[in-house]
Amino acid sequence: MATLARQLRASPNAHRGRGKARKRMVEVKASAQAAPSLPFRVGHGFDLHRLEPGLPFIIGGVKLEHDRGCAAHSDGDVLLHCVVDSILGALGLPDIGQLFPDNDPQWKGASSDVFMREAVRRMKDMGYRVGNIDCTIILQRPKFSPVKEQVKRNLCELLECGPEAVNVKAKTHEKVDSLGENRSVAAHTVVLLVRAEEAAVHSTR
């Protein structure tokens, strides 16, 4: 919990949410202790954000050139939010909205890598590492291919895994509904977590 605690202390509004944050940390710790020790765990994440003019458009920690961006409490990084939820879901922990609620002023405009690093820390504390992760981004515009490799590198760094364990792809929505009309962006993620000792054994064979 040290990373979250440091973030709380560093925030100018930390005193407002410290009591709530401590309560959430206790609840999360209890959930982690109750989770059975399985050889592997699978998690799915989904997120969607509305797009509005004049806002930055960030996916996977990379700013895309566009005339609109995600309306959100934090930086609105739909991919990183999705990955966080998939990891937390695999671990049987509360979702991103419970850990970092959008009505808490300390997370206003926060960079989503803060949420990612906290999810990875919890994963490691419970004895797991990323086996592999598959991400699909759904957006009509702009083109995702120019930033795809940088997004993948960012995920590898945040997840502390090699490029062979990370796949990122993007699809349009064929001009159907809010996604296809460039009024929103969404992401799906599936992650496989493996026990750290299991991964070490297989890597030596």
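Trainee: Is the crossing of helix 3 and helix 6 left-handed or right-handed?
Mentor: This is a predicted model, where local features need pLDDT of at least 70, side-chain atom pairs count only at pLDDT 80 or more, and totals for chains, interfaces and linings use all residues. Residues are numbered from 1 along each chain as its sequence is written, and side-chain values use heavy atoms, leaving out hydrogens and water. Helix 3 and helix 6 pack with their axes 12 Å apart, at an angle of about 35 degrees (lines fitted to C-alpha atoms over the stretch in contact, angles from 0 to 180 degrees between N-to-C directions). With the near helix turned clockwise from the far one by less than a right angle, the crossing is right-handed.

Trainee: How many nonpolar residues does the contact of helix 3 with helix 6 have?
Mentor: From helix 3 come Leu79, Leu80, Val83 and Ile87, and they meet Val151, Leu155, Leu158 and Leu159 of helix 6 (contact: heavy atoms within 4.5 Å). No polar and no charged residues take part, and the nonpolar ones number eight.

Trainee: How many of the 14 residues of helix 3 are buried?
Mentor: Helix 3 covers residues 78–91 and reaches 20 Å from its first C-alpha to its last, close to the 20 Å expected at 1.5 Å a residue. Just after it, Gly92 takes a positive phi of about 75 degrees. Helix 3 is mostly covered, and its buried residues (under 20% relative accessible area, 1.4 Å probe) number 13.

Trainee: How many bridges pair strand 5 and strand 7?
Mentor: Within this pairing, Thr136 has His188 in strand 7 as its bridge partner. Strand 5 and strand 7 pair in the antiparallel sense, and the bridges number 10.

Trainee: Why does Thr189 count as buried?
Mentor: Thr189 is found in strand 7, residues 184–195. Leaving aside neighbours within four places in sequence, Thr189 is in contact with residues including Leu79, Cys82, Val83 and Ser86, along with Gly43, His44, Ile133 and Asp134. Thr189 counts as buried because its relative accessibility is 0%.

Trainee: Which residue just after helix 5 takes a positive phi?
Mentor: Helix 5 (residues 113–125) has 13 residues and reaches 18 Å from first C-alpha to last, close to the 18 Å expected at 1.5 Å a residue. Its buried residues include Phe115, Met116, Glu118 and Arg121. The phi just after helix 5 is about 90 degrees, and the residue is Gly127.

Trainee: What percentage of the residues of the protein chain count as buried?
Mentor: The protein chain holds eight helices and seven strands. Among its contacts between residues at least 6 apart in sequence, 76% join residues at least 24 apart. Of the 205 residues, the share that counts as buried is 48%.

Conventions: Helix = DSSP H or I, 4+ residues; strand = E, 2+ residues; numbered from the N terminus. Expected span 1.5 Å × (residues − 1). Buried < 20%, exposed > 50% of the residue type's maximum accessible area, 1.4 Å probe, protein only. Nonpolar A, V, L, I, M, F, W, Y, C, P; charged D, E, K, R; others polar. Pairing = 2+ DSSP bridges.
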